[in-house]
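I opened my notebook for a first look at this structure.

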Amino acid sequence: MEIIVAMVLGGLVGAFVLPERILRLNSLLQLISTTLLIFSMGVMLGSRDQFLAELASVGFASIMFCLLPTAFSTAAVYALTRLLMREHLESAKREKNERDADSAGSQASERTLIACAVGALLFGACYGLSPILLAPIEWLAASSDWILIALVFFVGISVGASKGIVEKVKRYHVKALVIPLGIVVGSLAGGLAASALCGMNPAVGCAVASGLGWYSLSGVVLTDLVNAQVGSITFLSNLLRELVSFFSIPWIARHLNFLTCIAPAGATSEDTTLPMLIKCTNEETVVLAVVNGVVCSALVPVLISLLQPLF
């Protein structure tokens with residue numbers, strides 16, 4: 001709920017309060033918030049008990065349960081949007097062509113964001129693995145929820161500053177649900193493929209993939225329902241999915257279409273990946289990403305519950 005409120009408030013500020021000349025500062029604030037958020041993720045990951053031993057024992061399975069559901073989701077959303085949302089892709093294609101005309105500035109901005117994210121993740125993980133405890137960094141890592149809310153607020157400002165965004169989004173109606181549908185179907189298919197490669201019960205494999213990138217909830221739930229090893233695979237694979245989505249969005253935007261950029265992120269498309277989406281796509285896609293994130297987040301516990309009797 002806080003995410004939606006922050007997005008709406010940011011949209012109102014962007015639409016009615018901030019002058020256009022301030023938007024460059026807002027872009028910088030998005031970059032800073034994203035860097036801090038990914039740094040806190042790195043600290044959380046490095047601080048995890050026996051992280052290195054866990055990575056060695058379940059690393060292959062975690063990678064498979066990250067890459068295959070992500071790839072299948074991307075393929076499913078791409079196919080569905082091409083089939084059912086062709087008219088909506090035309091305006092995005094025109095905007096993409098305009099963006100490509102200024103590709104030097106756009107790609108430089110993307111590279112800056114990716115470089116900051118990689119550096120923040122590595123630095124955060126190294127700090128988490130070290131025995132050092134610094135009060136400011138501990139406070140920063142513990143404040144990730146507030147950083148996330150600030151990030152979504154700044155993204156909301158960019159969306160609100162876009163003229164005619166409400167009219168554009170209204171055109172989608174129920175078709176907006178095509179994206180989460182493709183993500184769920186693709187994730188479950190990827191979970192089946194990964195479970196076959198890893199020798200895991202197919203229902204359990206589908207449950208792992210049903211995390212849809214929401215690593216904190218799905219990891220804890222499957223630890224309780226199955227065992228600690230499956231919980232670790234779920235946690236790591238869904239965390240990796242969030243990170244992979246962040247870095248794959250630029251390629252998808254250039255080679256597929258804007259709407260497909262939402263697919264890798266799954267349930268996380270309403271938060272961490274928003275800055276990259278707004279750099280690589282448009283405000284219309286960002287609004288649909290928030291809708292998708294809400295729907296996918298609501299479906300995660302439902303999917304796991306439906307699969308539980310088959311474990």
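**Ground rules.** I am working with a predicted model, where local features need pLDDT of at least 70, side-chain atom pairs count only at pLDDT 80 or more, and totals for chains, interfaces and linings use all residues. Residues are numbered from 1 along each chain as its sequence is written, and side-chain values use heavy atoms, with hydrogens and water left out.

**Confidence.** I looked up pLDDT, the predictor's confidence in each residue, from 0 to 100. The protein chain averages 83, and 87% of its residues score at least 70. Confidence is lowest in helix α4 (residues 86-101), with a mean of 62, and highest in helix α9 (residues 178-198), at 95. Helices here are DSSP runs of H or I, at least four residues, numbered from the N terminus.

**A pocket.** I found 26 lining residues, with Asp145, Leu148, Trp214, Ser216 and Asp271 nearest the centre. Two or more residues each come from α1, α2, α7, α11 and α14, and α2 gives the most, with 5.

**Val220.** This residue sits in helix α11 (residues 215-225). Buried or exposed? I noted Val220 as exposed because its relative accessibility is 51%, and exposed means over 50% (1.4 Å probe, protein chains only). Thr234 is 14 residues away from Val220 in sequence and 8.6 Å away in space, C-alpha to C-alpha.

Key:
Buried < 20%, exposed > 50% of the residue type's maximum accessible area, 1.4 Å probe, protein only. 1 Å grid on protein atoms, 1.4 Å probe; cavity = no way out; pocket = protein on both sides within 12 Å on 5 of 7 lines; lining within 4 Å.
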